[in-house]
Structure formats: C-alpha cells, structure tokens
Amino acid sequence: EGADARVDDVVMDEFHWYADQDRGVAWQTPLLTLPRARFLLMSATLGDTAFFEEALTALTGQPTATVTSGERPVPLEFAYHEIPLAHTLEKLSDEGKTPVYVVHFTQADAAASAQDFTSLKIATREEKAAIAREIEGVRFSSPYGSEIRRWLKHGIGLHHAGLLPKYRVLVEQLAQKGLLRIICGTDTLGVGINVPIRTVLFTRLCKFDGRKTSILTARDFHQISGRAGRKGFDDRGFVVVQAPEHVIENIRLGEKAARDGKRIVKRKPPEHNFVNWDVATFKRLMNAKPERLVSRFQVSHGMLLNVLSRSGDGCRAMQKLVRDSHETADAKKAHMRRAWQLFRALVARHVVE
C-alpha cells in the first residue's frame, strides 16, 4: 500500500538488524514507504544515529528525538581466560557465576560442546534429580531427542534455531527454574529474555559471516555480552572470553617443558575458518563503540510482486523505492538493473503481465 497504508506507529526493536546482510532490508523498507507513521527505533547498539535522525525527519516532516543511555541495570565484569574451556566452566561454577551461556557460531559446535561438557561435574545430585522429575513426562521422540534428554540430565541445555520448538521451550523453562548450569547456543538468538543467564562465555572472537571469517564487530560483541546479568537477580553480570585453543595448549605445553626440561612442538592455529585474536583484541572490542549501521537494501522477487501489486503505477513505485533507499548512487544503479532483470524474468514466466 506504500504511503497510503493506514499505519500510525511503527516500533522496530533490535534495529541493529538494519545492517544484517540478509534481513536488513526488512528494517529499512518501512523507513522508505510510510511517511504518515511515527517511528520508534530501538537497540542497545545503535552507534551513530545522525543519519537516521535526518532520514526520519525527511520522510515524515516531523522532528526526531534521540534518547540515549550508557547505564546498564546490571553492570558487567569482563575477563579473558587462557585455561581450557572445561576448566573455565568448572571455575565459573565453583564461583557461583552460573547459569553460563556458552556462545558458539554454528549449531554443530554448540551441540558438540554440549556433548563434551557431560564429562564435567557441574550439576549436583539434587539438581539432577530435580531435572529428572521435570522432564519425566516429556516425550523425546525425535531422532535427536535422546541426546537432548541426556544433556539435560547433566544440567546442560542446548538452544538454537535448528531445534524443534518443544525442545527450545523446555530448555527455557528449565533455565527459568534455575535447573540448568550451562546452556550451549549460538550468537543469533535473543536468549536474554527467555533464558536468564548470569555469565556469557565466548568460545571464540571470530565468525564466518557467509563470505569470510573475521573478528567480531564491536556491535556483535556488545550485543552478545549484553545478555549477561539478570535484572532483579544479579548485582552484576559476567563476560568471559576464551583465548584460542592452540594458544591455551601451547601455554600448557610450555609449562610442561619447563618442568621436564624438554623441547616442545608448538600447536599451530587452524588453517580454515579462523582469524587469530588475543587479549589486545578482547580489550579493543570491550572498549569500542558500535560501528555505524550500514544499509543492506536489496531487491527480491517478493518485493517486486508486492510493489507491482499496488493500485496505480507499480513500476514507478518500484523505481522510487530504489531511488529512496539508503544506498550509494552506484549501488542504486545496480539495484535498478537487478529489478529490471527480475521483472523481465517474471514477465517471461507469465507471473506478471
């Protein structure tokens, strides 16, 4: 419906997704098409907002107010560990800093860690018995269910988008009752709401974004770190970053060599899907401000069909949408070429006429 849409207010939470390669267009499109609406854009990691203040005022003709605060309800403490991951978890458990959300950047890594952690003595006998009572009537009938149940019995939860919803909800319920010491998951879910956690533990500081592996952005680091600390429960939250595995192993080998008086062969970093980080990287991310949000506008078949279906001249509406996008001049030309390419394909297939 474009500018004729009967929309009075638009509330866009997690607005930092504006800069996401795949989903950013969903956060940008309302800013291009709803001049009658009043907007509220919210995020803990917006960064420089000057562009959006100007864009909103240009769209709606109304002044834009920016409300900012750097004060957290639950302050965070940061630490960098050069000890094995298992030792870190046992240390956090002994210090009463659980539940711990162990951050991974693939679902497979999260599941592998859940399996590895079953060898740790994290949950007490009483906690295991309480978990067993809670899941007694739950059917773990899917092929993956038996593993989920085994991990839960050790006080370990798995939580990511690839799980069946019933398992995610079960992990959330057990976590809310304080029965899970460790939750292994990915970086993409806003678990702070449904999974109360006291400590966020980064297993690594580099991530594959679909094209290349690189060090986390300051925005990603702060967004994930911000899940630590339960308002109303904790006086502070904790953020722990692990050193690379080969670095930790080389420290251990070095200590052993010093005791035995023997030479060692140092472990090398992984050759694929890895960028090295160290304590300096950690400190830089900890103190850095979120980067300015970058436009990720893109044209798709779905966008074309929606805009062409408007009453009036859909082609002109589509051209205006591309022209008004927050892209550079060169990018807009590329989007326009892409739009015509998709349009011709739709015409050739008799989807549109």
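# Salt bridges, a pocket and a cavity

Student: Asp-4 and Arg-36, are they buried or exposed?

Tutor: Asp-4 is exposed, and Arg-36 is exposed as well, where exposed means over 50% relative accessible area, buried means under 20% and partly exposed lies in between, using a 1.4 Å probe and protein chains only. This is a predicted model, in which local features need pLDDT of at least 70 and side-chain atom pairs count only at pLDDT 80 or more, while totals for chains, interfaces and linings use all residues. Residues are numbered from 1 along each chain as its sequence is written, and side-chain values use heavy atoms, with hydrogens and water left out.

Student: What do the side chains of Asp-4 and Arg-36 form?

Tutor: They meet in a salt bridge, at 3.8 Å from N to O, the term standing for a side-chain nitrogen of Lys or Arg within 4 Å of a carboxyl oxygen of Asp or Glu. The pair joins distant parts of the chain, since Asp-4 sits in the segment before strand S1 (9-12) and Arg-36, 32 residues apart from it, sits in the loop between helix H1 (24-33) and S2. Helices (H or I, at least four residues) and strands (E, at least two) are DSSP runs, numbered from the N terminus.

Student: How many salt bridges are there by this rule?

Tutor: The count comes to 19.

Student: And which residue does Glu-77 pair with?

Tutor: Glu-77 forms a salt bridge with Arg-236, with the closest N and O atoms 3.3 Å apart. This pair also links distant parts of the chain, with Glu-77 in strand S3 (residues 76-81) and Arg-236 in the loop between helix H9 (218-225) and strand S10 (237-242), 159 residues apart. Glu-77 counts as partly exposed because its relative accessible area is 36%, and Arg-236 counts as partly exposed because its value is 29%.

Student: What about Asp-234 and Arg-230, buried or exposed?

Tutor: Both Asp-234 and Arg-230 are buried, and they form a salt bridge whose closest N and O atoms are 2.8 Å apart. Asp-234 and Arg-230 also belong to a network of salt bridges that links them with Arg-198 and Asp-235.

Student: Switching topic, how much space lies in the second largest pocket?

Tutor: About 590 Å³ lies in the second largest pocket. On a 1 Å grid over the protein atoms alone, a pocket is an open set of points with protein on both sides within 12 Å along at least five of seven lines, a cavity is a set where a 1.4 Å probe fits but cannot get out, and lining residues have an atom within 4 Å of a point.

Student: Which residues are closest to the centre of that pocket?

Tutor: Of the 26 residues in its lining, Leu-85, Ser-113, Thr-203, Pro-244 and Glu-245 are the closest to the centre. Helix H3 (85-94), helix H4 (107-116) and helix H10 (245-260) are the elements that give two or more residues to this lining, and H10 gives the most, with five residues. By class, the lining has 13 nonpolar, six polar and seven charged residues.

Student: How many cavities of 30 Å³ or more does the structure hold?

Tutor: The structure holds one cavity of that size, and about 90 Å³ of space lies in the largest cavity. The residues that line the largest cavity are Leu-304, Leu-308, Cys-315, Met-318, Gln-319, Met-336, Ala-339, Trp-340 and Phe-343.

Student: Which elements do those come from?

Tutor: Helix H12 (301-308), helix H13 (314-324) and helix H14 (329-348) each give two or more residues to the lining of the largest cavity, and the largest share, four residues, comes from H14. The residues of that lining divide into eight nonpolar, one polar and no charged.

Student: Staying in H13, is Val-322 buried or exposed?

Tutor: Val-322, which lies in helix H13, counts as buried because its relative accessibility is 0%. The C-alpha atoms of Val-322 and Gln-298 are separated by 8.8 Å, and the two residues are 24 residues apart along the chain.

Student: Last one, what about Ala-345?

Tutor: Ala-345 has its place in helix H14, and it counts as partly exposed because its relative accessibility is 37%.

Key:
Points joined across faces, edges and corners; volume = space filled by probe spheres on them. Nonpolar A, V, L, I, M, F, W, Y, C, P; charged D, E, K, R; others polar.
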